[in-house]
Amino acid sequence: MSSVRRLMAAMCNAMPLKHGLSLWCPQSSSLHRTPQFPSRTFRRSFVVAASSSFANENREYVIVGGGNSAGYAARTFVEHGQANGKLCIVSKEAYAPYERPALTKGYLFPADKKPARLPGFHTCVGSGGERQTPDWYKEQGIEMVYEDLVTGIDIEKQTLTTNSGKLLKFGTLIIATGCTASRFPEKIGGGLPGVHYIRDVADADSLISSLEKAKKVVVVGGGYIGMEVAAAAVGWKLDTTVIFPEEHLLPRLFTSSLAHKYEHLYTENGVKFVKGASIKHLESGPDGRVAGVKLGDGSVIEADMVVVGIGAKPAVSPFEIVGLNNTVGGIQVDGQFRTSIPGIFAIGDVAAFPLKIYNRTARVEHVDHARKSAQHCVKSLLTAHTHTYDYLPYFYSRVFEYEGSQRKVWWQFFGDNVGETVEIGNFDPKIATFWIDSGKLKGVLLESGSPEEFQLLPKLARNQPFIDIAKLQSASSVEEALEIAQASLGAKATV
């Protein structure tokens with residue numbers, strides 16, 4: 001090592017970290033190339049000089065975004081002793097990070113059915129961790145900037161600008177901006193009073209205000225949001241109609257046979273479905289509020305309120321400059337969530353990352369990935385942890401869980417829904433669907449399983465064992481089918 005490099009290394013190790021300018025420290029532990037960006041050398045940045053021109057006191061690490069990923073990243077910084085006086089989180093919301101799935105589940109329950117409310121579902125309670133209230137962040141020395149959207153970035157100066165005019169300094173930046181709800185255009189009534197989109201607490205509060213007054217609810221979209229909101233509306237005893245253009249519910253995951261069983265359950269609870277339909281526009285009444293949904297065939301479905309759940313878009317602005325993936329959307333990262341710009345990372349819904357198990361690039365909009373990507377990124381940033389993120393796709397839903405419901409629904413899916421399917425069970429209450437491709441078990445979905453049965457699913461999906469399809473098809477029950485699948489694992493199964 002040259003004398004200059006020895007001096008720089010000594011400065012990095014010995015100099016107390018102050019606020020202000022950043023110093024790139026070329027130590028061997030923080031210098032490495034990545035297969036995703038082989039021409040880039042990634043270094044960690046440290047903030048070493050004071051300045052009064054910046055709005056944030058904590059400048060070594062800055063997280064933009066206040067969702068699940070931010071909360072789990074904060075916990076990981078704390079676990080490594082790198083949060084106090086060093087970490088700043090900038091959120092457009094008024095609340096500390098929370099478990100977002102609650103917004104379309106327990107949060108929408110009627111008042112007499114014990115709805116979820118903050119601070120009950122702050123991160124990290126969703127994974128059995130500590131409840132990180134606003135006071136927790138103060139106690140950990142984490143600086144929180146609430147209700148301020150980041151609108152600009154200067155990569156060379158390592159600064160961010162916000163909607164309120166703040167100038168924020170960062171040494172290392174983690175982008176955790178998540179997604180925004182896809183909206184109907186204004187010209188077809190997408191902004192009418194009584195039309196709702198749900199992405200944050202404010203959206204959910206507005207939706208509840210309408211539920212309290214409504215008699216007829218129309219839900220647009222047959223995915224997760226549509227299914228969960230419709231189930232909640234049943235709890236309010238409202239006339240509920242779900243409209244979607246596909247042939248059945250949740251077409252990105254469910255088979256037609258599986259979807260029809262869930263549709264029957266919803267129909268038994270009074271929900272009406274309009275499938276294969278297009279929407280021409282939303283109609284307004286004399287008071288200017290939404291009054292109906294006009295379909296492509298000219299018919300109109302009356303509505304006091306409309307909930308639109310037609311997907312989401314990655315919230316990449318203003319970070320397009322760090323590099324986007326135009327195929328799956330979002331910000332392109334490598335297996336440690338590093339972007340093409342040294343010192344800048346992206347995690348959660350907004351990150352397009354290498355899905356190692358299936359050798360493809362993916363962007364996953366799910367709380368499980370939000371949590372795990374945050375933890376992996378921060379561990380890679382702060383330690384010698386260099387393993388590539390090895391995520392196993394996982395999705396779940398829980399509906400009709402409020403008091404008085406005749407049947408609670410909880411399904412889990414692990415793996416990849418490719419190949420032919422084998423469905424076992426009669427949905428009373430259990431049913432299992434197995435996806436098999438080239439003789440290998442690639443994915444599995446289970447409804448109403450026991451804790452032990454649910455624990456088996458990721459083992460099956462990750463190991464992708466060869467399985468006897470004929471034997472699986474002959475299973476007389478879900479329990480027998482899972483036993484056959486488990487036996488196919490052999491003795492060397494990994495989680």
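Q: What does contact mean here?
A: Contact means heavy atoms within 4.5 Å. This is a predicted model, where local features need pLDDT of at least 70, side-chain atom pairs count only at pLDDT 80 or more, and totals for chains, interfaces and linings use all residues. Residues are numbered from 1 along each chain as its sequence is written, and side-chain values use heavy atoms, with hydrogens and water left out.

Q: OK, what is Phe254 in contact with, neighbours within four places in sequence aside?
A: Met227, His248, Leu249, Ala259, Tyr262, Trp411 and Leu445.

Q: How many residues are in the largest nonpolar core?
A: 133. A nonpolar core is a set of buried Ala, Val, Leu, Ile, Met, Phe, Trp, Tyr and Cys residues joined through side-chain atoms within 4.5 Å. Buried means under 20% relative accessible area, exposed over 50%, partly exposed in between (1.4 Å probe, protein chains only). Phe254 and Trp411 are among the residues with the most contacts inside that core.

Q: Which residues does the second, separate core include?
A: Ala181, Tyr197, Ala277 and Leu282 are included in its 18 residues.

Q: Switching topic. Where is Asp416?
A: In the loop between strand E27 (409–415) and strand E28 (420–424). Strands (E, at least two residues) are DSSP runs, numbered from the N terminus.

Q: Is Asp416 buried or exposed?
A: Buried, because its relative accessibility is 9%. Beyond neighbours within four places in sequence, Asp416 is in contact with Tyr358, Arg360, Trp435, Lys442 and Gly443.

Q: And where is Tyr358?
A: In the loop between strand E24 (351–355) and strand E25 (360–362). Tyr358 counts as buried, at 11% relative accessibility.

Definitions and conventions:
Helices (H or I, at least four residues) and strands (E, at least two) are DSSP runs, numbered from the N terminus.
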